[in-house]
Amino acid sequence: MHLRTLLPLVAAIGWALESFGHPTTDVTTATAPPSPAGSGTPGSSGTGGTGGTGGTGTGGTDGTGTGGTGGTGTGGTGGTGTDGTGGTGTGGTGGTGGTGTGTTGGPDIASLIAQTAELSTLNSIITQYPALLGNLTAASGTFLAPSNDALNNFIATQGGLPSITEDTILDLINYHLLPSTRDAASLSVAGGTIAETRLLDADYANLAGTANVIFASAYGSTGQEVAASGLKIYSGIGGSANVTSSDLAYQGGLVHVIDQVLNFPRTCTQTAETAQLNTLLNAIRTSNLTEVVDTTAKFTCFAPTDAAFQAAGINISALSTDQIVDALKYHSIVGDVGYSTAFEDGKEYQTLLGVPVTVHKRDGQLFINDVAVQTGNVIMSNGVAHVLTGVLSPPANTNGTSSGSTAGSSAAPLRDSFGISFGLFLGVISSVYLVYV
């Protein structure tokens with residue numbers, strides 16, 4: 001073979017032998033050189049410990065306790081490095097110390113009453129009844145304490161202290177106790193305040209298991225007067241008591257001294273009789289609805305005065321029973337009790353006639369439709385009454401009847417505005433009416 005032909009072949013064979021003698025490196029299995037000791041990733045921060053609970057403060061003589069100092073938290077341990085002799089993590093920050101709660105200062109309620117000259121009659125009564133003293137001592141909140149003159153006058157009207165049973169005294173004290181602590185400023189806000197008491201006796205509190213209330217106001221019985229006057233507490237039968245001394249601190253709350261014993265809440269007909277709403281009372285009795293208005297829980301009564309009936313030219317004896325029942329339905333609401341604080345200006349509230357009334361708050365007065373309320377928030381055992389200066393008249397197109405039919409569709413959206421169970425209540429009225437007529 002010619003040399004010039006062999007040279008390329010020899011070169012190719014040499015290149016092949018060189019390639020087989022040096023295998024290539026697999027990149028998928030290659031590893032980096034080992035790291036030097038101590039160069040690993042630093043550990044994560046530890047979590048701080050929880051701070052200690054603050055101590056209990058000691059009550060001051062003015063009734064304001066000071067909170068104790070909070071404990072100090074301990075930092076957590078840092079994390080460990082992830083490789084080799086990696087660095088140590090930084091410890092966490094200590095937790096925040098707890099806040100102490102101060103106890104209320106001042107004497108206990110029995111000691112406060114004993115130390116207050118204008119409550120000496122009250123002190124002499126409660127010391128005679130260990131159970132009463134125990135209830136008072138255990139109570140916290142607000143105590144509306146009748147003054148000496150208030151209690152002496154009340155006892156005289158009852159025929160002397162021996163004529164008053166211990167149960168009655170206990171109920172009386174419970175009606176003067178509010179579970180919440182309410183200073184005079186919080187009770188004197190514009191619009192007034194409804195405050196629950198501890199009175200649960202069914203004779204005085206027929207409110208589906210809740211305690212009865214008082215109405216506190218420095219703006220009159222409706223809470224709508226333009227200018228504030230002295231703080232008053234309104235109770236049953238429309239009675240009111242002036243707060244003569246306020247914000248006397250004891251360990252469980254506050255005492256306000258009042259110049260009248262609060263009246264127990266009474267039924268609707270008892271309230272009408274005591275308040276001399278004779279025409280209204282006659283209408284209730286004539287329609288045989290006494291039991292209904294007296295025993296239905298959460299009942300609101302708009303109660304016209306005798307003068308209001310006379311001014312409207314209404315003679316009850318000239319009306320049929322159906323007409324009287326319809327008139328009473330239009331003056332009644334059942335559901336959430338219609339205290340003045342629950343009413344919103346310009347809003348409609350459904351009556352038992354199926355036709356709503358509209359509430360207005362203007363010019364320092366409360367109005368139902370366009371009839372002014374003469375005395376508001378008369379607390380009843382089963383709700384509230386508002387004494388009116390006029391008689392409410394339903395719209396001319398009203399077609400309500402004693403069988404419970406309602407007016408047109410304009411009333412329908414308000415059917416449950418006070419949680420009213422119309423079918424049930426009107427059924428009761430109709431049943432009572434059918435039994436007696």
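Which residues in H4 meet which residues in H6? Here are a few friendly notes.

1. This is a predicted model, where local features need pLDDT of at least 70 and side-chain atom pairs count only at pLDDT 80 or more, while totals for chains, interfaces and linings use all residues. Residues are numbered from 1 along each chain as its sequence is written, and side-chain values use heavy atoms, with hydrogens and water left out.

2. The protein has an average pLDDT of 78, and 67% of the residues score at least 70 (pLDDT is the predictor's confidence in each residue, from 0 to 100). Residues 45–51 fall below 50, yet this stretch has 29 contacts in the model beyond near neighbours in sequence (contact means heavy atoms within 4.5 Å).

3. On the opening question, Ala 131, Leu 132, Asn 135 and Leu 136 in H4 meet Glu 166, Ile 169, Leu 170 and Ile 173 in H6. Helix H4 (residues 130–138) and helix H6 (residues 166–175) pack at about 15°, their axes 10 Å apart (helices are DSSP runs of H or I, at least four residues, and strands are runs of E, at least two; axes are lines fitted to C-alpha atoms over the stretch in contact, with angles from 0 to 180 degrees between N-to-C directions). H4 and H6 are therefore roughly parallel to each other (angles under 35 degrees).

4. The rings of Tyr 204 and Phe 264 have centres 4.1 Å apart and planes at 10°, so the pair is stacked (centres within 6.5 Å, planes under 30 degrees apart). Tyr 204 lies in the loop between strands E3 (193–196) and E4 (213–217), and Phe 264 in the loop between strand E7 (253–258) and helix H8 (268–274).

Technical notes. Parallel < 35°, antiparallel > 145°, perpendicular 65-115°, else oblique. Phe/Tyr/Trp six-rings, centres within 6.5 Å; stacked < 30°, edge-to-face > 60°.
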